[in-house]
Amino acid sequence: MTHGPSTHDFQHATPKGRSAARHSGYHHAQLFETAHRYFIILLAGLVIGWATGSYFPMAWAIGYIAVNLSYQAILLRARTRSAEISPLQNAIGFSLSVLVFASMIVFLWLEDGLVLKFTALSGLIGLGLHSLSRPQKVFWVTLADSVVILALYIFMGVTVFLAHPENKTLAILLMCLFCTSSYFVVSQWRAYKRAEAIKSAEQRLMRNREMEAMGRLTGGFAHDFNNILAAMRGNLDLYDEVTDPEEKRRILHEAQSATARAARLTQKLLTYSQKAVLRPSRVITGAFITEFVAMMGRNLPETVTLRLEIDDNPPPLLIDAQTLEMVLTNLVMNAADAIGEQIGEDGGPPTGEITLSCGPMLMPATSSAPAASEIRAGHYLRLAVQDTGAGIPEALLPHICEPFYSTKAVGRGSGLGLPMAQGFAEQSGGALRISNTEGSGALVELFLPLEGSA
């Protein structure tokens, strides 16, 4: 026999749990555990009903599953609607499942026969073990479990004493009741405090990682911005010293270029942090991608070929076209750089091919790639950039979207291209996924929600 809804179910009623469930879907492990639990309940109802000649066990099994499914439906509805579950709804749903389960223990204990009483005691032990072994602890759930378990244990002791009203029986029962109950309560409290300590340690670890990421972000930004300011100041200082008009124009142009680089750096940071002001408009995907490939083909080295694979009549997008073009440009230039880092077969410039794929795709909820955003199930336009370079080392994939993290030589990249692409994808309601393809280079996939499906 097994217990009612797991704490995993309850955790999804919280905002954090709902968010994880909304992105990751209903986990296979939870589906298996739920199906296994219902199978055991049905089996117990059938066998005990046959052994006792009573309809109650089967009615109990059906009632338990109905109550539990209703509770699951409330949680699932909250996840899909991003709504709060009231504490009263949680308390009623969880308590009903526990009480329905406990009713079978009472029924078995009141039946004649040591086998049925042993079964009742097994159910009580299983309930206690389940409550103690939960990896996550919720205070009121732990308290409710403890009250029900202790009440059942006291009920069993009282019925034994009423059947054998002797002083020795009473003394032994009181001793057992005190020892077992006190040890159970202390164990529950220690398990709860241990779970709280683990939760606190995880929160401290998360804060430390956030501070580390913030330090890397601010350090990288300060370094890049300082270089830009040095270029601006150096050119402006030279401007007053130079008398040649042509030279003055050149110096002024370089200072203006530095300010443009500062603006692009700021825009990349805003896009990465998902604070950029996006101006979505309806984009005819086929024409947009075709024009982009024609434009980029003229800006790539002659040894690099840009190939387009596009579905007939790809669906339109509601997207910020200017930012999308900037993101695709970064991805294609990264791919060209990856090809350029190789050595040609004859010792000359390396040759390679970049493939830009475009087409609609129905995505399940997943984040299985080594470097990925969480992808909600839905209809997306998939824009994929694949190169014939050496790929990204597996050890670097989990860090590739961190700000200012770059595998390029110093001065060849800001380390914001991929973080900006990820920020843009997530702010637009989509996702970014990066992986290596067997026998080829890196594959960067940009999933953007189709118009009307975000």
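Reply: Angles under 35 degrees count as roughly parallel, over 145 as roughly antiparallel, 65 to 115 as roughly perpendicular, and the rest as oblique. Axes are lines fitted to C-alpha atoms, for helices over the stretch in contact, and angles run from 0 to 180 degrees between N-to-C directions. Helices (H or I, at least four residues) and strands (E, at least two) are DSSP runs, numbered from the N terminus.

Me: What kind of model is it, and what are the ground rules?

Reply: This is a predicted model, where local features need pLDDT of at least 70, side-chain atom pairs count only at pLDDT 80 or more, and totals for chains, interfaces and linings use all residues. Residues are numbered from 1 along each chain as its sequence is written, and side-chain values use heavy atoms, with hydrogens and water left out.

Me: What does the chain average in pLDDT?

Reply: The average is 75, and 72% of the residues score at least 70. pLDDT is the predictor's confidence in each residue, from 0 to 100. Residues 5–28 fall below 50, yet this stretch has 56 contacts in the model beyond near neighbours in sequence. A contact means heavy atoms within 4.5 Å. Residues 367–371 are also below 50, with 14 such contacts.

Me: On to helices. How do α6 and α7 cross?

Reply: Helix α6 (residues 114–132) and helix α7 (residues 139–163) have axes that come within 10 Å and cross at roughly 155 degrees. The two are therefore roughly antiparallel. Their crossing is left-handed, meaning the near helix is turned anticlockwise from the far one by less than a right angle; clockwise would be right-handed.

Me: Which residues meet there?

Reply: From α6, they include Leu 121, Leu 124 and Leu 127; from α7, Val 148, Ile 149 and Leu 152 are among them. By class, the contact has nine nonpolar, two polar and one charged residues. Ala, Val, Leu, Ile, Met, Phe, Trp, Tyr, Cys and Pro count as nonpolar, Asp, Glu, Lys and Arg as charged, and the others, Gly among them, as polar.

Me: And what about α10 with α11?

Reply: Helix α10 (residues 285–297) and helix α11 (residues 321–340) come within 11 Å, axis to axis, crossing at roughly 45 degrees. That makes α10 oblique to α11. The crossing is right-handed. Phe 288 and Phe 292 are among the α10 residues that meet α11, whose side includes Leu 324 and Leu 328.

Me: How does α11 pack with α12?

Reply: The angle between α11 and helix α12 (residues 417–427) is about 145 degrees, with axes 10 Å apart. This crossing is left-handed. The contact has eight nonpolar, four polar and no charged residues.

Me: Switching to strands. In what sense do β2 and β4 pair?

Reply: Parallel: strand β2 (residues 304–310) pairs with strand β4 (residues 352–363) over seven bridges. Pairing needs at least two bridges found by DSSP. Thr 305 stands opposite Glu 353 in β4.

Me: Where does β6 come in?

Reply: Strand β6 (residues 378–387) pairs with β4 in the antiparallel sense over 10 bridges. Leu 362 stands opposite His 379 in β6.
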